[in-house]
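The sequence and structure come first.

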Amino acid sequence: MEKQPRLLASQLLLKNSLFEVSLNRVLLTWKEIATKKKRVSGGIHHPFKVAGPRSAAAALAWIASLCRVNWMAHNLASEFFFMSWLTFFITSHGTSHGVSVSEILAVRELDVDCGTKDDGRWQKMPQKSTEAYPYAFTVSYVERAWQHRWRCSDVTFHCLEGALCQQWVQTIREQLTALTSRPKHLLVYINPYGGKQQGERIYEQKVAPLFTLASISTHVIVTEHANHARDHLRTEAELKKYDGVVCVGGDGMFSEMVHGLVSRTQRDNGVDQNSPEEKLVPCTLRIGIIPAGSTDCICYATVGINDPVTSALHIIVGDAQPMDVCSVHHNNTFLRYSVSLLGYGFYGDMLADSERKRWMGPARYDFSGFKTFLTHHYYEGTVSFLPATDILGTPRDKTRCRAGCFICQHNGQLYSEDAPEICETDPDVSDSEYKGGWRVIRGKFLAINAASMSCACPRSPKGLSPAAHLADGTTDLILVRKCSRFNFLRHLLRHTSKYDQFDMTFVEVHRVRRFRFTPRYCQSDSELDLRENGKRLFSQICRDHPACSCSPAYSSWNCDGEILPHAAIEVGVHCQLIKLFVRGIEEQPVFEDLPSPCVV
C-alpha cells in the first residue's frame, strides 16, 4: 500500500504529555514524545491499543495474533482487513495510537475558558493544560470493545495557538466531508410495541445523541399499527430526500422495511413481483437496524452483537453490506420476501403454536419449542431444488461469512470452466432424481429449513447454517428426515455447540438457487389453500395413519417469523437485492475459542 502524504503534523498536548500528532487521508495517529520527565497522566484508552508482551508465552501469542491477521489480509485480498492489520501493528507498541479516518465520528473545538464543549456538554479541563496550551479540540471516534461491541470515545488535544487548533478542526472536517458513503439524512421508523416495548427510549437515549453528534438529520415516525412502516414506504415516503432508512425494533420490523422498500423499487421500475422468474431490481437505499426486539437475529448475524450503540455507529460511518433476499410464491402469486429463515415442520409448528400464546411474552418461544419437540410430527412431501454448482464454498466447509468476505464480493461465482457438472445419479440417496438440472427428493421430514444467512443468535452462536453467506446468491436448504426424538434432540443441541450439526445420517444440506416444496396430499392439487382444505386433508391423514388418527397432514411455513397461508411454495434467491448499514462480522484480533457443550 502506498504511503499516504501527511496533511497535518503538530506537537500537541494530551493529558499533560506531548504527542506527535499526524493526519493523512487514511489515519489519525498520535505518538508520545520521549522526555526525561515522567508522564503525569495515565495511559490513553484506544480501540487498537494492545499491551506489549511481558513474558515468552505472551510474546508468542502476540506474534501469532499479528501473523493471523496478516494471513487474513493476504488470503482474503481485502483492503479492510489489511487496514485493520496495519493499524493494529502501528499501535501495538504501547505509546503509538491511531484511528482510521473513516471511523472518526466528529471533531469539535472546545472553549477552554468556559470548560464546555460546543455541543453544550460540560467537561472538566486540566489546569496545567489550559495555562500553556489554551486552545483545544476533541475527536470522537469508534472504539472497539469486547464481543464485537463498538463505543464512541473522545480524545482531546491542546494547542498553543488558536489558528492551529482551527486548522486541525477544519482539516479533519474536510476529510469527513469527503467520505461520500456516510448518510446525511435518514428516515427512521420506531416500533413502540416490539420486544420489551423500549424502542422509543432506546432511540432517544442511545441513538439520537450519536446521530446529532455526527450531524445526521432524521425524520422520525413512530408506527401506530402493524405494517405501518411497510405501507408508508410503498406509497407515501419521499425516498429521494434520504440517504437511508432505519428501523428501531426487531426482526419483524426489519421485515416490514424490506417488503416496503423492495416493493416500492419494483413498482417504480415496472417489475412484476408475481412472476417467480422475474429478475428483481436492487434497492438503492441502505437499511439500518437498531435492535429493540425479542430476538434481533438479523443484527446478531450481520454485526455479531445485539447492541443499539454498535448498530448506530455502523450507520454513522456509512458501512454497506449487500444481502440476498428470497422471494416466496404460490401458483405465480407473490406471498412474501425472506432474508433469514424459511422453516417448515418443527420451526413452522413452533411459530404457529407460539402465536396463540402471545400473552406469555418472549417465554412463549421456549414453551412452544418444547411442546413441538414432544409432539414430534413429521410431514411427507416432495422437495425440488436447483443446486448451486457454480459457486465457491459449500454448506459444510469451515469458511465463515465475515467482513470483507471474498465469496460475497464475487457473488459466489466461479469461472464457467471451473463449474462442476451435475451428476445424473446419486447412489447415496435412493429417493432422489434429476429433472432438467433440478434435483427431486421425496420423503418424510421433521423439518425443512432454508437459511439465507447463518441465523445465529445468542442461544445459537453459530446458527442453523454456520457457513451460509449473506450475499452469494444462494440459500442453504437443510432437510431433517424422520428420526427418533433422541436423534432429533442431538441435532438441535448441536446448534449450540462447535460440532458439525449436519454430520448425521438423517440430515442433509444443499446450497441452492431455487427450490420448491409440495406436500404429499396436494401433489395433484396445485390450488392448495390450508384454510379451505384443512378438513379434507385431516380426514385423509387419519385414513392413511390409523394408528395415530390425529397427526396433521401439513405444517406451516415460518417465513422470518410470519406464517405463510400455503404449504406448497416456490422460492427463488435474488442476489444482493438490498444493502444494510453494516460491514459484516469483524474477525477478532486474537482468536477466541469459547467453550461449548459436549457433543451428544
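## Helices H6 and H7

In this predicted model, the crossing of H6 past H7 is right-handed. The contact draws on His228, Ala229, Arg230, Leu233, Arg234, Thr235 and Glu236 from H6, and on Met253, Glu256, Met257, His259, Gly260, Leu261, Ser263, Arg264 and Arg267 from H7. Sorted by class, the residues of this contact are five nonpolar, five polar and six charged.

Two packed helices are described by the angle between their axes and the distance between the axes. For H6 (residues 228–236) and H7 (residues 251–268), the axes come within 7 Å and the crossing angle is roughly 15°. Angles under 35 degrees count as roughly parallel, and H6 and H7 are therefore roughly parallel to each other.

## Helices H11 and H13

H11 spans residues 363–375 and H13 spans residues 485–493; their axes cross at roughly 145° and come within 10 Å. On the H11 side, Phe373, Leu374 and Thr375 take part, meeting Arg485, Phe488, Leu489 and Leu492 of H13. This contact of H11 with H13 comprises five nonpolar residues, one polar and one charged.

## Valine 339

Valine 339 lies in the loop that links strand S13 (333–338) to strand S14 (341–345). Is valine 339 buried or exposed? Its relative accessibility is 4%, and buried means under 20%, so valine 339 counts as buried.

Beyond its neighbours within four places in sequence, valine 339 is in contact with Phe254, Val258, Ile298, Met323, Asp324, Val325, Ser452, Met453, Asp560 and Ile578. Cysteine 455 is 116 residues away from valine 339 along the chain, and their C-alpha atoms are separated by 9.7 Å.

Notes
Residues numbered from 1 in each chain as written. Predicted model: local features only at pLDDT ≥ 70, side-chain atom pairs only at ≥ 80, totals over all residues. Heavy atoms only, no water. Helix = DSSP H or I, 4+ residues; strand = E, 2+ residues; numbered from the N terminus. Buried < 20%, exposed > 50% of the residue type's maximum accessible area, 1.4 Å probe, protein only. Contact = heavy atoms within 4.5 Å. Axes fitted to C-alpha atoms, helices over the stretch in contact; angles between N-to-C directions. Parallel < 35°, antiparallel > 145°, perpendicular 65-115°, else oblique. Left-handed = near helix turned anticlockwise from the far one by under 90°. Nonpolar A, V, L, I, M, F, W, Y, C, P; charged D, E, K, R; others polar.
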